[in-house]
Amino acid sequence: MMQIAPTSVRWARTPFYFSSAEHLLRIEPQRAASLAELLEGVKDCSEDSIFQHTFRTLQEHHFIQEGYSNDFAHWAFFACNENELAERLASVDVREFISVKTLRTRVIEILEDFLTNHPRVGERTAMEPFYFCSSTSVVLPTPLVARNLQEFVDALESISIHSLYYHFIEARLRLKLTSNDFSVWLEHEVGLGRAADLINRIDIYTSTLQGVRHRILRIVESALA
Amino acid sequence: MGPAKGPDRSDNESVERPSVRTSPDDLPPAFVEKRRKPRIQEKPTGPPLPAKLGDYEHLLGKSGIEELRYLAQGLRGKSIKVVHAPSLENHAGEMLNRSISLLTELEVVANFEAMVEDPEFRKVAHMIRRTLGGDAGYLAKEAKDLYLRRGDHFRERSRFNEDVVVVHDPEPLSLVRGKSSKNQYWVWRCHMDLSNPNEEIWKFLRPLVESHDAAVFSAQVFAYPLSIPEYLFYPCIDPLSERNKQLEPSYIQHVCEEFGIDRSRPVITQVSSFDRNQDPMGVIAAYRLAKKYVDCQLVLVGSIDTEGAAEPDVMAEVMDAANRDPDILVVNLPASSASEINALQSASRIIVQKSSRGGFGTTVTEALWKGKPVVASAVGGVPNQIIHKITGALVHSVEGFAYQIRYLLTHQELAEQLGKNGREHVQENFLLTSDVKRWLLLFQILLHLSRR
């Protein structure tokens, strides 16, 4: 367990309340058997569905640190064998979006652009269909509260991966900021602006969520050294 | 989630030359003797008592257990009834029992009832199952009436005043006709593949299905588009069961010795019934192709004696192949020999599942949980479990199986990484505790208790 020197313990103006989120998967009516149908599906499906195939897939596959980062990219590669499209879709970084609406627009732009340039590819039947799903989220409080940095570190070491995901990744949709709960709290409540910035720049696409946890802990430790 | 590579080769591929054995006489005498007369456990041990929630803490962490308790607390004062047919498939039935046990410990009131079946009803139910699965068939008016009448009788005998009623599979579907209150919620848990139902039977059952408030399927590919919300609940395994718990290395060694398995050479295993759908001859063909380059043994585990578990012509072909090659071992074990099957899976370097059609594939889940690299056909629910080259290898042909077996046997680091990822995937999505959590979430959502 990481110990912060007593002189370095900083008290927050407002405590950090740790929560978690659980998700239930729903099977949606849309299915796509080709890239053209995928485009139609992306246009028609619910925001919960876009959320599921982009944000949520990072939680479902939190242990992976390589490969395509959202379900659309993965399907474009694995079922349609379209490397270029897969790479472009994979470049959509959810951290740059504070609403699912704008994220959907970006995915549509990429698909439309690709299908305009490769018109014959759109109708080709994929090796397996894309099934649209969505997720219904339920937020759960946890008993963990951090009133100072030591308590923050202790809690961060013990929270579930789902809680980490909720505060670090999903938070931006709630905050409407390209940030996360930890960075906001560290900057505004504890005065660790530089650490907050470093934490916000952790690359979630080349790291597992356990790896993210360890990096946050190291950054906080370094900030107080 | 990962780039799927074609049959690629790397320069550092180390190829083990097979030591060729052409007849059983080439095996060391100890193995020959064991293979002739394997000493299997004759009387399977009874199922152990379901584990307690606290027993899972080393897997879920304290926070994971707390999350379950919190979700359950929100359901205090609510009651749940679960109805299933006695014929609920063995694995699903066992997992249901274990889920109910954990829900009871969490103080979620769950009444658990099996629908009474008589021979006439069983016959109708059998036809319904077959036709819902897509087979041709016809249900006469009398049969439909009997199906509805049996449901009515059961409903009259058992009270249905719970807040949520969950019915499993098609047998109890008609109970929903007794749904009276708007504040009572009915859920249909479909364990079958409903993607291509027989039109005639579906016309009869669809209104009953859509009278529920939600339907639950095991994989997207098994679902049928309905007018009610459809949820995805993956089938699960219990990590603490005899079939999946971690075994002592000495026990694994003991079981291998009993069956005459040479652990100094790689073992490839398929656990399945001996029928065409599970394609054991395809597995043998893939093994033979792979063995040209890498020495290995093939172990086919399944039940030969249980009625209907093996197709005689398939069995004859398999036995013929095994008699010609001492490195093909057919192990006759019923599903109840859970510890032995666990040991054989644990002793394997690679697990294969070559199905031409199939269900979710919980034998794949079991193998992933044991940290084994799995090579499997991309059918049924397997693609939900195997992300190609990330949590295993998905293939479509005998040649594909052979290549992936060779590759994984000669690239130990990748094999280990796939096994590690596969176990994480199961931990996140396919354990009994995930199933319990999904039910708690669904009850919360239906009863509008959750904070979203």
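Packing rests here on contacts, in which the C-beta atoms of two residues, placed from the backbone, lie within 7 Å, while helices (H or I, at least four residues) and strands (E, at least two) are DSSP runs numbered from the N terminus. Everything on view is a predicted model, in which local features need pLDDT of at least 70 and side-chain atom pairs count only at pLDDT 80 or more, whereas totals for chains, interfaces and linings use all residues. Residues are numbered from 1 along each chain as its sequence is written, and chains are lettered from A and ligands numbered from 1 in the order in which they are written.

**Along the helix.** Which residues of helix 3 of chain B are buried? They are His91(B), Ala92(B), Met95(B), Leu96(B), Arg98(B), Ser99(B), Leu102(B) and Leu103(B). An α-helix has 3.6 residues a turn, so residues three or four places apart point the same way. Select Glu107(B) next, which follows helix 3 of chain B and has a positive phi, near 65°.

**The whole of chain B.** The domain assignment, which is automatic or taken from a database, gives domain 1 (24-37 + 240-429) and domain 2 (53-236 + 432-446). The C-alpha centres of these two domains of chain B lie 32 Å apart, and the contact between them takes 10 residues from domain 1 and 11 residues from domain 2.

**A stretch to treat with care.** Colour chain B by pLDDT (the predictor's confidence in each residue, from 0 to 100): the mean is 87, and 87% of the residues reach 70 or more. Over residues 1-22 of chain B, however, pLDDT stays under 50. Where pLDDT is low, the predicted coordinates should not be read in detail.

**Across to chain A.** Now show both chains, for which the predictor gives the complex an ipTM of 0.89 and a pTM of 0.89. Their contact takes 30 residues from chain A and 37 residues from chain B. On the chain A side, the elements that give two or more residues are strand 1 (11-32), helix 3 (71-78) and strand 2 (130-148) of chain A, and the largest share, 8 residues, comes from strand 2 of chain A.

**Where strands meet.** Finally, select strand 1 of chain A, which pairs with strand 2 of chain A in the antiparallel sense over 14 bridges (pairing requires that DSSP finds at least two bridges between the strands). Leu24(A) stands opposite Thr136(A) in strand 2 of chain A. Strand 1 of chain A is also joined by 2 bridges to strand 6 (residues 230-232) of chain B, and these two strands run antiparallel. In strand 6 of chain B, Tyr231(B) is the bridge partner of Arg26(A), and Glu230(B) stands opposite Ile27(A).

Terms used
Buried ≥ 20, exposed ≤ 12 C-beta atoms within 10 Å, placed from the backbone.
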